[in-house]
Amino acid sequence: MSNSTQIESTNNESGKFDLLQRQAKAFSSSELVPQRFQGKHANCIVALEIADRLKASPLAVMQNLYIVHGQPAFSSTFCIATVNTCGRFSPLKFVFEGKAGDDDYGCYAVAKEKDSGDELKGEKITWSMVKAEGWDTKKGSKWKTMPGQMFRYRAASFWTRAYAPEFLMGMQTNDEIIDVEPVNVTGSIASEVLPLAKADEAELEDLGAEFVLQEDAKEDAQ
């Protein structure tokens with residue numbers, strides 16, 4: 001690479017970063033963005049970066065991105081909407097099987113890949129799985145009060161992680177974080193990139209649960 005090409009590339013990157021800074025400043029000054037982004041310049045930069053990678057509206061990302069102890073998580077509704085509007089798949093459908101209340105009762109998500117016409121079926125989430133993982137016993141869990149919705153949310157996140165993982169970018173959905181035991185996570189990508197602020201306690205209460213962290217992927221691999 002010639003010196004002139006290197007200089008041009010550096011100037012382009014510098015210009016992109018300057019634009020990102022200006023956009024982040026504008027969003028952080030707005031009262032229309034969620035409180036966790038108001039006055040939080042660094043948080044807005046991360047949200048803008050995520051929006052750019054997903055080719056999504058920055059405001060939509062901010063409205064559906066929750067930050068807890070430096071770990072970002074998407075809302076399940078955003079996960080579903082992203083799949084439904086991407087153009088690669090038919091809208092997600094949720095199929096329930098079994099008798100309500102039985103351990104084998106559950107739900108799976110299914111959609112068709114438009115290019116191939118293949119039907120893509122996700123893993124079935126059952127009461128047996130919910131109980132084995134202890135999801136229904138966690139503080140703030142909605143499995144006992146709104147199980148139908150929780151089955152759909154979990155089936156959607158499993159489907160997306162299997163067939164379109166780039167939409168979640170390695171993140172969990174907020175209801176998944178709620179269902180996992182709290183552990184100390186160190187060296188996370190988010191904490192290394194930018195010091196993300198904690199979500200306001202009032203916003204956590206609005207979600208009806210105390211968010212907790214997922215176990216480190218390294219521990220799962222052992």
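Buried residues make up 40% of the 222 residues in the chain, where buried means under 20% relative accessible area, exposed over 50%, and partly exposed in between, with a 1.4 Å probe and protein chains only. The model is predicted, so local features need pLDDT of at least 70 and side-chain atom pairs count only at pLDDT 80 or more, while totals for chains, interfaces and linings use all residues. Residues are numbered from 1 along each chain as its sequence is written, and side-chain values use heavy atoms, with hydrogens and water left out.

The chain contains 10 helices and 7 strands; these are DSSP runs numbered from the N terminus, helices being H or I with at least four residues and strands E with at least two. Of the contacts (heavy atoms within 4.5 Å) between residues at least 6 apart in sequence, 57% join residues at least 24 apart. The chain exposes about 12600 Å², and carbon and sulfur atoms supply 50% of that area, computed by the Shrake-Rupley method with a 1.4 Å probe.

Two loop residues can be followed in detail. Ser-75 sits in the loop between β2 (71-74) and α4 (76-85). Ser-75 counts as buried because its relative accessibility is 5%. Leaving aside residues up to four places away in sequence, Ser-75 touches Asn-64, Tyr-66 and Asn-174. A polar atom of the Ser-75 side chain lies 3.2 Å from the backbone nitrogen of Phe-78.

Lys-138 belongs to the loop between α5 (127-133) and α6 (147-163). Lys-138 also counts as buried, because its relative accessibility is 12%. Its side chain reaches the backbone oxygen of Gly-134 at 2.8 Å.

How values were computed: A polar contact is a pair of N or O atoms within 3.5 Å; within protein, one must be able to donate a hydrogen and the other to accept it, and residues adjacent in sequence count only if both atoms are side-chain atoms.
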